[in-house]
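Please look over the sequence and the structure before reading on.

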Amino acid sequence: MGVCTAAGAGCLFGLARTAEDPGLSRGTEYTGPIIDIHQHTWYLGRSDDELLRHQEIMGVTRTILLPAGRSVLRDSTHDGGSNGLDATVKGNREAYELACRHPDKFLFFANEIPDLPDTERVLRHWLKKGACGIGEQKFNAPVDSAPMRRIYNLAREFNVPVLLHFQNGMYNHDLLRFHKVLEEFEDVDFIGHAQTWWGNIDLNHDQSVMYPAGPVTPGGVTDELLTNHGNIYADHSAGSGLNALVRDPEHGRAFLQRHRSQLLFGSDCPDKLGAGPGCKGAQIIRTINELAPDREVAAGIFHHNARRLFRLA
Ligand SMILES: [Zn+2]
Ligand SMILES: [Zn+2]
């Protein structure tokens, strides 16, 4: 197997860590530890060493690796080749082994296509090895379908969050019914992500638009879910998470304040740079620093909320 084989619920890798300085008193910008809750191994061919360097340059101290599921031809994977993620993203074993090689830097999720006959067996295997969540679930299935409910039940059993990629017409249909899932599984934590998740911060969102521009009217579906449910978190990764902040900075600032305890930093970027305009993660870090009303809000988004959600030391 690998060098670390201890079993048990909860996040195996995080439990052994020590508390870190939240960095609240070092200048006008947040300079403390940063947990990136959304990265992938071999994303567009980026090697493990290149990923390590990318995260270090970004200033990230711990990274959660989100594996792909198996590559199979099925309606739930659309074309079978992408298994819901870019075809180059590697699977459970690679994420687990990288986390084993660098237990101070990486944690890992378990993932699988939701509607295979042995989905539960596969997820259970990696959860027992210390996976600290399930996802990202990015499949052509209704968010409240029977296969997805099996995923949520497993998350309940292992007491780990589920990360969902909401993309209208493509993955996790549909966000407008998701509140029922949050009610039915009120003891399971969920993390929302991607274009349709972030577009719906706006009350006037057009569901066919992936990267909406311009002012946001508060009270959209996402805004309401975060307000009404304590078991939903939001992941600011990728172009969608960045766009939600920069399209209307004034709204972005109020949004960060309003949902300060449920927002998480993630990068989800495939570049090798880790800095500058070619790195979405670096841009998201800079934008959160610019828009967070104070350093405590920034510290929550960069560090404390993830630490609490994943029960890290
Ligand atoms: Zn995604
Ligand atoms: Zn990057």
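The structure is a predicted model. One open sheet consists of 3 strands in the order β1-β2-β3, paired in parallel. Strands β1 (35-39) and β3 (106-108) are at the edges with a single partner strand each, so one side of each is left without a neighbour in the sheet. On average, neighbouring strands of this sheet are turned by 25 degrees against each other, direction ignored.

Strand β2 (residues 62-65) pairs with β1 in the parallel sense over 3 bridges, and 3 bridges also link β2 and β3, again in the parallel sense. Across the second, Phe108 in β3 is the bridge partner of Leu65.

## Surroundings of strand β2

Both faces of β2 are covered. Arg62 and Ile64 lie on one side, Thr63 and Leu65 on the other, and all of these residues are buried. The chain passes from β1 through α2 to β2, and this β-α-β crossover is right-handed.

Helix α3 (residues 92-101) lies across β2 and β3, and runs at about 150 degrees to β3. Leaving aside residues up to four places away in sequence, Leu65 touches a set of residues that includes Ala95, Leu98 and Ala99. Gln39, His40, Thr41, Phe106, Phe108 and Phe109 are also among the residues that Leu65 touches.

## The five-stranded sheet

A further open sheet has 5 strands in the order β4-β5-β6-β7-β8, with parallel pairing. Its edge strands are β4 (134-137) and β8 (263-264), each of which pairs on one side only.

Strand β6 (residues 190-193) is joined to strand β5 (residues 162-165) by 4 bridges, and the two run parallel. Val162 has Phe190 in β6 as its bridge partner. Between β5 and β6 the chain crosses through helix α6 (residues 178-184), and this β-α-β crossover is right-handed. Phe190 and Gly192 point one way from β6, while Ile191 and His193 point the other way, and all are buried.

Strand β6 is also joined to strand β7 (residues 232-235), by 3 bridges with the strands running parallel; here Ile191 stands opposite Tyr233. Strands β7 and β8 pair in the parallel sense over 2 bridges, with Ala234 standing opposite Leu263 in β8.

## Helix α11

Helix α11 (residues 280-291) has 12 residues. The distance from its first C-alpha to its last is 16 Å, close to the 16 Å expected at 1.5 Å a residue.

The buried residues of α11 are Lys280, Gly281, Ala282, Ile284, Ile285, Thr287, Ile288 and Leu291. The buried residues of α11 pack against β1, α2 (48-58), α9 (238-246), α10 (249-258) and α12.

## The nonpolar core

Which residues of the largest nonpolar core touch the most other members? Of its 82 residues, they are Leu65, Phe108, Phe109, Ile134, Leu264, Phe265 and Ile301. Helix α12 (residues 295-309) supplies the largest share of this core, 7 residues.

Notes:
Residues are numbered from 1 along each chain as its sequence is written. Chains are lettered from A and ligands numbered from 1 in the order in which they are written. This is a predicted model: local features need pLDDT of at least 70, side-chain atom pairs count only at pLDDT 80 or more; totals for chains, interfaces and linings use all residues. A residue is buried if 20 or more other C-beta atoms lie within 10 Å of its own, exposed if 12 or fewer, and partly exposed in between; C-beta atoms are placed from the backbone. Two strands pair if DSSP finds at least two bridges between them. A crossover is right-handed if, with the strands pointing away from the viewer, the path from the first strand over the helix to the second runs clockwise. Axes are lines fitted to C-alpha atoms, for helices over the stretch in contact, and angles run from 0 to 180 degrees between N-to-C directions. Two residues are in contact if their C-beta atoms, placed from the backbone, lie within 7 Å. A nonpolar core is a set of buried Ala, Val, Leu, Ile, Met, Phe, Trp, Tyr and Cys residues joined through C-beta atoms within 7 Å. The expected span of a helix is 1.5 Å times one less than its number of residues.
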